[in-house]
Structures are given as structure tokens and as C-alpha cells.
Protein chains: 4
Amino acid sequence: MQGLACGLAHRGCSISRVGWYYGVMYRETILLEGHIIDSLILAKVLDTILMMGGTFDLSDVRIGATREEPSRAKIVVRAGSAGQLADILKAVQPHGATIEGEGDCALAPAPADGVFPDTFYATTHLPTQLRVKGRWIDVEAIEMDLGIRVDPEQGIAGAVPMNEVRRGELIVTGRGGVRVLPLERPRERDVFGFMESQVSAERPHGPIIVDIARRMRELRDGGGKVLLAGGPAIIHAGGREPLTWLIDSGYIHVLFCGNALAAHDIEAHLFGTSLGYRLSAGRPVPHGHEHHLRTINRIRALGGIRQAVESGLVTDGIMAACVRRGVHVVMAGTIRDDGPLPDTITDSVQAQAAMRSALPGVGLALLVASTLHAVATGNLLPATVPTVCVDVNPAVPTKLADRGSFQAVGLVMDAASFLRELARELGWKP
Amino acid sequence: MQGLACGLAHRGCSISRVGWYYGVMYRETILLEGHIIDSLILAKVLDTILMMGGTFDLSDVRIGATREEPSRAKIVVRAGSAGQLADILKAVQPHGATIEGEGDCALAPAPADGVFPDTFYATTHLPTQLRVKGRWIDVEAIEMDLGIRVDPEQGIAGAVPMNEVRRGELIVTGRGGVRVLPLERPRERDVFGFMESQVSAERPHGPIIVDIARRMRELRDGGGKVLLAGGPAIIHAGGREPLTWLIDSGYIHVLFCGNALAAHDIEAHLFGTSLGYRLSAGRPVPHGHEHHLRTINRIRALGGIRQAVESGLVTDGIMAACVRRGVHVVMAGTIRDDGPLPDTITDSVQAQAAMRSALPGVGLALLVASTLHAVATGNLLPATVPTVCVDVNPAVPTKLADRGSFQAVGLVMDAASFLRELARELGWKP
Amino acid sequence: MQGLACGLAHRGCSISRVGWYYGVMYRETILLEGHIIDSLILAKVLDTILMMGGTFDLSDVRIGATREEPSRAKIVVRAGSAGQLADILKAVQPHGATIEGEGDCALAPAPADGVFPDTFYATTHLPTQLRVKGRWIDVEAIEMDLGIRVDPEQGIAGAVPMNEVRRGELIVTGRGGVRVLPLERPRERDVFGFMESQVSAERPHGPIIVDIARRMRELRDGGGKVLLAGGPAIIHAGGREPLTWLIDSGYIHVLFCGNALAAHDIEAHLFGTSLGYRLSAGRPVPHGHEHHLRTINRIRALGGIRQAVESGLVTDGIMAACVRRGVHVVMAGTIRDDGPLPDTITDSVQAQAAMRSALPGVGLALLVASTLHAVATGNLLPATVPTVCVDVNPAVPTKLADRGSFQAVGLVMDAASFLRELARELGWKP
Amino acid sequence: MQGLACGLAHRGCSISRVGWYYGVMYRETILLEGHIIDSLILAKVLDTILMMGGTFDLSDVRIGATREEPSRAKIVVRAGSAGQLADILKAVQPHGATIEGEGDCALAPAPADGVFPDTFYATTHLPTQLRVKGRWIDVEAIEMDLGIRVDPEQGIAGAVPMNEVRRGELIVTGRGGVRVLPLERPRERDVFGFMESQVSAERPHGPIIVDIARRMRELRDGGGKVLLAGGPAIIHAGGREPLTWLIDSGYIHVLFCGNALAAHDIEAHLFGTSLGYRLSAGRPVPHGHEHHLRTINRIRALGGIRQAVESGLVTDGIMAACVRRGVHVVMAGTIRDDGPLPDTITDSVQAQAAMRSALPGVGLALLVASTLHAVATGNLLPATVPTVCVDVNPAVPTKLADRGSFQAVGLVMDAASFLRELARELGWKP
């Protein structure tokens, strides 16, 4: 104790000297609260301040005695200019730092439909609160890279995509009166309790898959939802059967995919091929891409996948299982699509909205073999949803981590092997 | 000559014996014409027949004396069943084999809007002709995986996407009366003259880039068009300046991209960052993703990219150069998009149609650092357009080759290095 | 027949004209024999001649009536200079072309130990014959990129590595009197019967693994050998148990690996970790790399792996199974090695020789998750040995194909998933 | 101050209670000193203690006022068993934690040549000190994964590879009396000042290359050394010219490579090809691998690379520049090698020793396009040497980071593009 007192006194001297020689120092007091030791937050904040050229005093630090008990720290930040101080405060805010004696958040009306005020606050995917009329309220439906729309009368705030804002709606601007709650590290000692920044093919997959399976069982039994966002490689490489089994066994509740996955799945049923590969033989069928087109054409003629299943044309596979089990399917279109199937939402903004509306209740996200769906889904998920990204290309989980989805677990393996091991772990007998 | 006579006589005997022992043989005579030796087509057709369990007689072979002079062969195909014979004929047809004494192509009306007749002929991306009323006519706007719509009165045929067909329009069905013209290997001894199936990082890039640059110069001088389809990694990794120079120098005439490339390009102008990386320093800016969102919001407020350029807000970079030089830009939306920018075509079917309409006149396609745009553009391009696919991930050019775009040249390198070397080759001084 | 006669007459004319205008034409008659239609060899040879600027007459062609019956062709090659003609003959020789009326192969003594005559003939990995004293003899132990040592008195020839030749030994020079027998496509309609040049993650693995398993069962039952060359990722990712089972069940007879695979395997036994990962939990053990070093140190203290197994220290895993089952293990050292284990052959030339001597009798090679071992083993294998290259990185099988091992089947999947599926297919119950 | 006092008092109480309820607690006091805030070390140590099930008291913390001034903390660690306490102390030791009132390090004689005592201390690549006879001494030639040999009489200690230890030499055992000095973050605000754990193709390369070039200029001017460890892709892809220029301009002082790079470099000089690719044309030369073999054979005949350069046979390229400029070249053999060239050290243990002896004075390591050399060199380098790992495959820099070389900067780009940009930055005019 004595030591820290001295240290800080010494710091204070040093900083005063700087101020004396070089003129006025700009200062602001910030507060950090929560699992700031355990999750390295205090260290990161101090580090950021120093890296950006500022200095600090630690004026009040209480460290929780157990992993569960929160800690708190009061930090006086000093900088050489108002701009530098603002930059530092902006940089530490996503770590949960709030400004002491902070007032209400600032609000400004949207200047036009689909346009935020110029200084709008851009969200992170962490739990976020606003100070409105002197009281902290939660921001609903938090998601990365949106604005926050506030109804101060009702005391309600929610994240809103840029294209959904309407002229005149009140949007949070600046950073004052906004606080971000850093994630508590999960209590379970499973794979999701580790923040691994590295993605590698050279890790044991087995135990990770065991953890995922355990969580899927818990979610199924507890009424939670599992989201799978997947690409067509699932079909090509041999993952259709285990995924069908997982759906039929009640382990998957939301499916995000594109036209291709659905079409290949049904092609496999109708023709036994996937984009020209005979699935039972592993060899190309001459001009086999035709089957893909004929499949789409037939489903278009019937009006859609549900109709194809109900008419008895499609009795087997992923899409049939989804229809049977009432899985919430969102199929988003892309410029690569043939057809597309009538169920495809070709407008990307509408598709995003449909994906967004399917997320409440999701307690686990499996992003399998689709860069597009992995990144798009990663953008929509709050940080509190455990996420697994599976791809044979290590760049995909890395990209997800780059994008801020830091709690994603990356598995470098092919989609089929992942789904087969996962389904076996849950009881599938191939 | 004597030898071949004997050989064929011998074959004939043998086949007769087979017929005699095992019952009736099914037979059909097919014709091959063109550069069938040079481009290995004859060998592939014979090989396919044997692989699929059939046998053949070569009854008439004329080999052109020079690389330019076409050859022709008449082949009697024999199979053990009608189904096997049909399968063989289907498999050899994309190599340009036509059935001797073939009649007109069969036509059937589309049963509904957006639906082809069930047995519709699915196109390749090779030049294709139809026999209509006894005469061979060209199929216009050929593209992979479409149907063919025919107006027999006018003697006109064109490839049509599934979703554009209207009820009652006449669509080609089956394979009879359709012939595909195999590609002649280009005369130039440049990189496009080689059909390399392998994609490797361990190839000298320099000479390939020299060939590409030469072709770009020829196209610019001759009034042809160069298409670039690119992803946002172009900006992140440092390719913005050379690409801007290429556009300003008149080397790029069509640009396919997404919301991200355009937004990052403008962010680089307004903030000096790209998705949070300070481009001049190579290090992350804290919470820098905000700049991306603010950029999009500002352009939305102004109404679009053209307005932003004309208002003087954006004076520099790829999009500004495109506006200045009248480049035909198609921006397609995806579910990953923030915003998006008002110029984005969010509907994937409309975006495909816009891309399609920008293709006439394109004499070279550069697909750079975007799996989605590379594959989507590869699908739309006729086989006659030389194509270069650049990606640091070798799976992307491989995927393109898998998809049938066999004339694509693959370069395993990062987007920025490619664009910098290409621009330097064309005169850029950084 | 008439047609071909005319065509060739025409060609002949044309070529004469060229000769007449531009001076003397250089010509040589070559012979092609074997499955030259089926395996595209005739087409490739004609193509190569044209591509290199030559012209040809097909003067005698006999086509086999069945896939089994060989064909033959006599081709008169013409070129504008002696150098061009030599280049063409050199280029077509690996396709099996021999020069008509060819004399004996030329021989020259090695000028020093470890040095070939300057114009030595460099081998392919295809079956090769020499004309010695008027008679064609087989080259034994053929392998890519070696020289051929001949004892003309005994009528014996064998491939010899550069570093093994001794001064004065007779080495084949030039190309005359050497013929390469192109591979016949395998009769089985399994995955090895297809020459696929493309490697892709988006292929169904299941049927390929079924074919591999079938072949392994045949080899085990028929007394053939299966070689596995593998890297340490086998252990990290969870492939240790299935591989141990495969060895214990008699499916693997030769193992090529490095110090790392063996050390990780034994570390897994002694400490339950692999390079610091606790295999049962999928998470890093603090400072766990120590276990790797302690493992190596203990085995060094005991004298080697066999001693460690026989002493009872190591009772489980890959290396223990190899000792128990008498698997022929070759461990080659690299500059990455810790230790290394005493069993490691640290000299790369000696290790190559040891690998070479383990190859006779091998009927299937599985190259799993090791670029170094995959390429090294690929270099040593004759083309007649079916080869499977498994790696999560598609560049590795591609590199193998680049190197000339064209019959390699590439599987883009992680080592553990491959070994688990393969072992399950053969009866493993995890 | 008051706050921290309370916080710690509270902790103390809580921990006592635990002890009181659950029995005896095991405790040890550790010290942390240095840049423990700035480099996140304090936070990581506290985190590790909690993660491993222990608790702690912070009994004395002094935080340096500036980035340069060191901080210190005294931490009382408590655990429920002696084993758990030992595990925790082992885990925090690499972060620089030393045990208060620690005695001398323990020593034991090596039981045999090439074998450490069973409980030997395994090194990290961080600066390390030993307490010998009451005094802290530096461990010389520190390197990852070795043992420490001590001469207590002379007060000298040095890291020693397992295979170099001789029976009876004194080796450090256990962890007592060993302290590791965590790295101070570099003062320069360049790319090496950031500890980036993620490797991504989507980063701006330009500024990173500028930083590398600046450091190379400083090292050249200040008498420091730059090490390049590279693979043959440097030649294949077009990096030979810029690398030759860099050597000739005095920017490279140590070269680690294999037989292949050297042979391809000389092949490029003698034949204009690299493994069968004509470098000036980007297309394969038929059977071009011969040139590789003939090159090696010729150099073998001459006795080595130096002789080939001095005889005038080789006048150009990387190896010629190395001979001319006196670059310290270490060529290590592998089982992939053809030949090999006489300069190759075929024994991997000897090659490692040669690489090790070339390291003193190296101030920057460039690991380019060679997984083997990158990892092997990464193992040998102390953590204080800034390292750049360049590979088109993102798995290679990731593997390096996995292995503990955490200060490595990863660049996902092809070797040729990297070397061309780097050489241009330093003044090369191609």
C-alpha cells in the first residue's frame, strides 16, 4: 500500500513537472468497473493511454477478491491537447471506461431517412448502456456498427441500422453518456472460456467438438437456439447426412444459407450429385452442372421448397428436415446465384433484416464453410453469443477475429469432417 | 495410310464380334470439326467414349496442315444400350460433337414466368449454334448455365437467365440441333495461349503481368474494354493508388465491386484509414471501423458517389477516377454490407442483370481479391474473354477453374502487389 | 480412310512448300506405342510438336480396338533447325516417343565420384527402357531426377542418385536409345483411375476414402505394403488414435516421419499433451513445450524408441505400435528438430537412401500433413505407385502435382479427420 | 490510495476465510519488475493465477511514472495444494516472476553425453538470468528450448542444445533461482513496436515495408547484420533480381537457405529457367526440371559454389553476390534435395550448429517463403531480434506465432512482391 502511494505520488510529481514546463495539461477522470483485472481490461486501458501519448494517475483501485467479484478503478488521464485527450477517451471507451460525473448522452435528429447525424455514435457488439435523464438504460438488440435510436420519453433505446432510421428520430451522438460493459469471461471451463487469438490447423479438434456438442445438448434441453450459417461446401464434401440428422434430432433451430446450399441439397436428393459430382462415387459426372439448374427450375415450377417437400418431391436432406422441424431458414441471395430458388431473399438489405429478426434466443452460432455468411452473421451477433467458425481456409476465422468478433472459436477443418464428428458426438450412427 | 486402314478394319471386326456375341449395339455417328487435334478435342472425345463404356470407329479423319487450318473427324459411337448411348452423346457434346444428319433443335414453351421447360438445354460458356429450320444460327449473349430462347420466325436465338424467361417463350430442350464450338487456342504466344490447369504461387509473375499489360494497352488503343472485378482487400493492402492511376490512364472501363470497396476507397480519402488501419502507418487506429460507417453515412446524406465527387467532397481515389473517366461501375450488395452506399444495387438478380449488360465489348477481365465477384463474373463471361484471377488464396482461382472457366489465368499474389506491378508496367511512377 | 489420305497428302505438300521457300527442313521419324489414344498421348505429342514450331506427318496409325489393346503411330517430325528438332524430340520423349531405327543408348563414364557426365540423361518416374547392344532392357528402381547407370556386360541398368555414382561408372547420356513407357490408366474404376489435375476442398471425401480403404485391405491381404509419410499435425489435431489402430491392425507397413511426429506421439503417452496442448482438453498448457523436450531427453537417456518400448516406458501410440508390428520406420532429421531422438537419421542424404530402400513392395502411399515428407516421398516413388496426398492446405497437393507426381490424388482436409474416417471405414470403433 | 488499501484488506480477509473454512493454504510470494504495466505482464500474471485456481494478494505495487521507468509488484500467491502452487509458479515464471527470497539455482550433472538431467530447466527465448552463489548472472546465447550449462566457479552460464551437452557438465534443474526478463516494448513507434497476434492478408504492406527498409538502412550503417532465411519460391516467382541487388548493396549479411534456392538461382543464370519455368516468359519449358539437375551436377564437378563463381561460370545472381560480398551463407540439406550442391550441410544437427554460430550480431531477421527455414530460424533467434515472416500462406506466420516467436511481424504476400517492394524502397531501379 505504502508502495503504491509512493509510486503515485512520484507519478503526480512527474506529471506536474511536465505541465509546468510545457503548459496546461488537459485531464479527465474515467472509471472502470467489472472484471477489469481478470479480462486484462485495466492493463489494456493503461497501455492505450501511454501508447497514445497520455499519462495517468491511478487514484482509486479496488480489486475483487474472487473471479466473480468485480473490481473498479478510477484513472485520471492527462494529455497535452484537447484533441489528444478526446482521442484517448474515444479509444478507451470500448473497454468500458466511462467519464466520471458524466452527463446524459447527446441526441440529435436524423437529418433524412436512412441517414444518421454526422457525429452519430457507432456501436460495438458489447452490451451497452446510455445515460438518459440521469439514469442508465440498456441498449436493446445491440449489434456491431449500428447507431442508437432513443425515445427519451419512454426511456427506451435500441440499436438501429443506418438504412432503417427515419428522418427526425433521435440518435445518440458523441461518446458522452454511453458506456460499454466488457464481457465477463464465461464461468465454464470449456473452449468458449478461452480468448484465443490464434487460429491454427494444428490444434486438437476433438475436445473442442465435445464442448460444442455439450453446449448444443444444453441449449436443446433448455429451450435455447442454435444457429448454423453454412455454405455449399457442406454438401460437396459430404456433410449433408450429418447435418440432416442434426436438424431432425432438434439440434439446429435457425439456418442461414444461400441459394446454393439449398439447391445442392435438393440436387443431391433428386439426382445424387452436387454441382456435377456424384456424391456416392467422388468423381465428376460429365456436364453435371445441369442437375443443379434442373433442380432449381423444378422447385421454381412448384413455387418453393416448402411446396416441394409437401408435394412429396423432396423427402430427404437438409431442407426437407428444416421444413419438417420448423427450422427458421433465411436464404440470402448473391450475384453468384443460378435461378434462384423462390425462397431466396434477393435483396441484401431485406435479407439482413430477416437474419437479424431470427437472432433472439440464439445461444450458439456455428459458422461453417462460408466466408460471406460467417462475416455477415458475425456482424449481426452480439458479443455474448458464443460463436464457432469452421473453415478449411484459416483466413476465414482470422477475418472474423479481425472484424471484432473476438470470442469466436476458429476450427481449421473441412465442413464435412466437422459435421460428421459433431453429429457422431451427439449420437449419429452413420 | 495403309496402317490406319488396317487399324480401323481391325477395330470394325472386333466391334462386330462384340455385337454378335452380346446382342444388338446402339450406334450414332458424330462429327467433330475445328482445331480438334491442337486443342486435344479429338483425344478427349475418344477418351470419354471409352471411359463411359462405349466403343468407336474413326471413319473419316482429315487433319489440317497448319495450326490455323481446321481438322475434322467422323466417329461412329457404339454402346450397349440406348441410355448409355444418350449419356455418351450428352458427354461429348460440350466438346463440339454434333450428330450427323441432325435435325432442328427441339423447342418447348416456358410453362410459367421464370420457369423453363423441364428438359431445357443448359448452356456452356462456349460459342453455341442452333439448327433452326434447317439452318445453323448463332446463340447471342452466350453465358454459362442459362437456357436458350428462340424466335423461330425471326431466326434469332439468345441465352436467357431462368428468372427472365416469360411464360410461353420458346426454349430449346434436349441436345439435338445444338452445337458448341470449341475454343481455338489463341494465336498469340502469350500467357493466354496456354491452358494451364494448375494454379501455383511458385510461378514467375513478372512475365504474366507483362502479357496482361500488353493486352490492356492493345485494348485501350483499339477501343476494347477491360473489366476489373475487385474486393476491398485492394484498399487494405495498398492497391488504391495504382488502381486509381490505371483508371485515370484509361486502362479500366468497367468496374464490378461491392459496397465495401467503394466505401473503403472513400474512407481512405476522407480519413486516411481503411477499416481502421491507418494506410500511411500500417497500424490499427483504435475503434477505426467508425470511419467506415461515417463515410457511408456522409455519402448517403449527399445522395451517392457521383454527388460526392461533383460536390467536391471526394476528389481522389478509385471511385472519383471512375466518375471522372466515365467508367461503367456496377456495385452489388451483400448481406455483409454496412449502410450501404446509395449506389449499391441491393437486389442480387438486378445486380446480375446490370453486370450482364456491362459485358459487351469486354476483351479482358481482371478478377482481383474477391471470391464472390470472381465467381459471379466468371459465370457471366463467355469463354472467349481472357480472364485473370488474382488472389493470395490459391483456392479462388482453383474454384474458378472448377466452375468451368478453364481459360482463366490464376495468379497467387496479393491484390496490392499485383496492381502495383501492373501499373508500373504500364508507366505508373509511384 | 480416303479422307485421312487426302489430309496427309495436303500436309505433305504444305510442308514441302515451306521447305522449298525457307531452305532445308530437319526431320526425324518417331514411334509411339501403347495406350496412346486412351491416355491422350498421341494428342499431346502432336500438340507439343505444333506448339514448339514444328510440323508433322502421321504416316502410320493403328488404333487398338479395345481399351486394353495397344495402339501405335509413326510420326514424321519436321523442324526449321537442328536445335529446334532436338528440342522437340526432347519434349516428346517423356510421352514415350522413340526415334525410329534408334541405335543403342550412349554411355559415358562418370568423371568423378558423385558427378555425372555433363550430358547425362535425367530420369522421369515412369517405367523406362534402354537399348543396350541392340536389345531393350528395363531400368531398375526407376525414380524421378536421377541418372541411369549401366553395366553393358551384364545387360543391367538402374537409376542412380547423383551422390551415389562412382567415378568411371557408365552413365546414359543424351536421349537416343532410351524409351519411356507411358502409364496405362488403371483398370479399376476407382479414384486412382482418374487423372484429376485439380485439387479442391469442395469434393466429396467419403467415396475417395472408401476407395483408399478398399485398396489398403487388398494390399494387406495380398502381402503388399502401404507407406504412410506424415507430419506432427497428425498428433496435434487428434489423429494419433486412429493411426495407432491402423498400424496395430496391419494396414501400415512403412512409416516415413520426422523427429517431431515421434516425439509428439510419445509426449502424448507420457504427458497427455502435444507441443503444449492438452489433447484431452483442446487448450494450451502453460509452458507446455517443456514436455516435448523432456520426452526427447528421456528417450535419449534410454537409447532410442525401441528401448523405450521394450523397457515398458512407452506402451501406447504410433511408435509403440510400429515397434510391436515391425513397421519399417525411417525418421529423417531437419533443422527444426529439438533433440533429436536417437532414431533420427540426421544426414539428409543417408535418410533419402534409407527411404529409398524401404520402397520396394509399396503399393500405396499416403502422404499426410507434411509438405516436406510429401514432396520428398513423391520424388522417390515411381509413377506406378498410387499416391494420396492429404493436407488442409491445398497448395501441398498442388505442389506435388507441379513436381510431376501427376497420379497423386489430393484431399484437402485435416490429418485427423482423414485418419479417423479412414480407420472407421476399416473397422475402427473409437 | 485509500481505495486500494481497502480493496486489499478486503481481499486479505476473504482469503483468510477461505483458508479457515477449507484448511491450510499453500503460499509463496513472487516479485514482478520491469515494464509490467505497459506490456500487460501484471495483468497476465494475475489472470494466470486465477485461471489456474489460485488467489492472490497484491502487497506492494509501484508503477513507473513514464513508459521508460520500470514498475514493480509483490504478489502473494495462494493455492489449495503444493502441486497446484508449483504449477502456478511454473506458469508465471516465463512472465518474469521470481520467487521472493529465492536461493541459488539448482544444478545437476548431465548423466550422459547428449542427455540432460531429467528435471532440466527448458529455456524460453527471452533474456534470462540465474542466481549463482548469491549473485544474478546472465545466460549467454539464449535460445528457445535448450538447457542451461553453468560453470559456477567462473560464474558463467550459457544455453546449450541437448545434443551438445557432455556427461558431467552442470545443468540447471527446476525453476528456483532462474529469472526471465520480459521484453520491453521497443521505443520506436514502428511496426516492431506492436505486438500483433493476428496475421492477415488484408493489411497495408507498404508502411510495414518502409519500416523494415529503415531498419535495414540503420543496421547497414551501424554495422549490424540482417539475416535472410529464404525458400526457392523466391526464384520461381521473380524475386531473384531484387534479392541479388539487396546483397550487392550490402543490406544482407547472413543467408540461411537450402540446396534448392541456391540451385535454382544458378540454374536461372545458366539456363534462364527455374525448375522448368522460363523466367522471362512465365511458361513451362518441356522437361525443364533437367536444368535443375544439370546445374547441380556442374557445380558438383567444380567443387562448389565459390569455385563456380571464381572460375567465372557463375557471374550473376544471389549466390554470386553472396560470394562477392562475403555474406555468411548456411545451406542446410533436406530429404527433398536433388544432388545436393557440395556446399549443403546435409547433417541437420551440424546445420543447426552452423546457423546458430551465424546469429551473433543479427539485428533483423527476414524469413521469406520457407516454412522450414522460418520455423527453424525462429527457434534459434532470441526474442530480442525483430523478425519478419513473409509467406503467401497465412499459416506460416501463424505457426511461428504459435511456436512462441511472438514478436514476429507477419506479412501475407508472395516472396517476389515483398522483395521487389523492399528493394525499391531501398533504391533498386528494376
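The model is predicted: local features need pLDDT of at least 70, side-chain atom pairs count only at pLDDT 80 or more, and totals for chains, interfaces and linings use all residues. Residues are numbered from 1 along each chain as its sequence is written, chains are lettered from A and ligands numbered from 1 in the order in which they are written, and side-chain values use heavy atoms, with hydrogens and water left out. Chain A and chain B bury about 4900 Å² between them, and a rotation of 180° superposes chain A on chain B.

**Chain A overall**

- Chain A has 14 helices and 20 strands, taken as DSSP runs numbered from the N terminus (helices H or I, at least four residues; strands E, at least two).
- Of the 430 residues in chain A, 63% are buried; buried means under 20% relative accessible area, exposed over 50%, and partly exposed in between (1.4 Å probe, protein chains only).
- Counting contacts (heavy atoms within 4.5 Å) in chain A between residues at least 6 apart in sequence, 67% join residues at least 24 apart.

**Interface of chain A and chain B**

- Chain A gives 53 residues to the contact, and chain B gives 53 residues.
- Carbon and sulfur atoms account for 54% of the area of about 4900 Å²; buried area is the accessible area (1.4 Å probe) that two parts lose on being put together, summed over both.
- Between chain A and chain B, 22 residue pairs are in polar contact, both residues being at pLDDT 80 or more.
- A polar contact is a pair of N or O atoms within 3.5 Å; within protein, one must be able to donate a hydrogen and the other to accept it, and residues adjacent in sequence count only if both atoms are side-chain atoms.
- Four salt bridges cross the interface of chain A and chain B, a salt bridge being a side-chain nitrogen of Lys or Arg within 4 Å of a carboxyl oxygen of Asp or Glu.
- A:Glu290 and B:Arg175 form a salt bridge through their side chains, at 2.1 Å from N to O.
- On the side of chain A that touches chain B, the elements giving two or more residues are helices H3 (82-92), H8 (289-302), H11 (348-357) and H12 (371-380) of chain A.
- H8(A) supplies the largest share of that side, 10 residues.
- By residue class, the side of chain A that touches chain B has 22 nonpolar, 17 polar and 14 charged residues; Ala, Val, Leu, Ile, Met, Phe, Trp, Tyr, Cys and Pro count as nonpolar, Asp, Glu, Lys and Arg as charged, and the others, Gly among them, as polar.

**Relation of the two copies**

- A:Asp347 has the C-alpha nearest the axis in chain A, 2.0 Å from it.
- The copies meet through the same surface, because 100% of the interface residues of chain A are also interface residues in chain B.

**Salt bridges within chains**

- Over all chains, the structure holds 68 salt bridges.
- A:Arg306 and A:Glu310 form a salt bridge at 3.3 Å, N to O; both lie in helix H9 (residues 305-310) of chain A, four residues apart, about one turn of the helix.
- A:Arg306 is partly exposed at 44% relative accessible area, while A:Glu310 is exposed at 57%.
- A salt bridge joins C:Arg240 to C:Asp265, with the closest N and O atoms 2.7 Å apart.
- C:Arg240 is in helix H6 (residues 240-248) of chain C and C:Asp265 in helix H7 (residues 259-271) of chain C, so the pair links distant parts of the chain, 25 residues apart.
- C:Arg240 is buried at 12% relative accessibility, and C:Asp265 is buried at 0%.
- A network of salt bridges links A:Glu143, A:Glu164 and A:Arg356.

**B:Leu219**

- B:Leu219 sits in helix H4 (residues 205-222) of chain B and is buried at 15% relative accessibility.
- Beyond its neighbours within four places in sequence, B:Leu219 contacts B:Gly224, B:Lys225, B:Val226, B:Gly363 and B:Leu364.

Notes:
Copies are superposed by least squares on the C-alpha atoms of residues with pLDDT of at least 70 in both.
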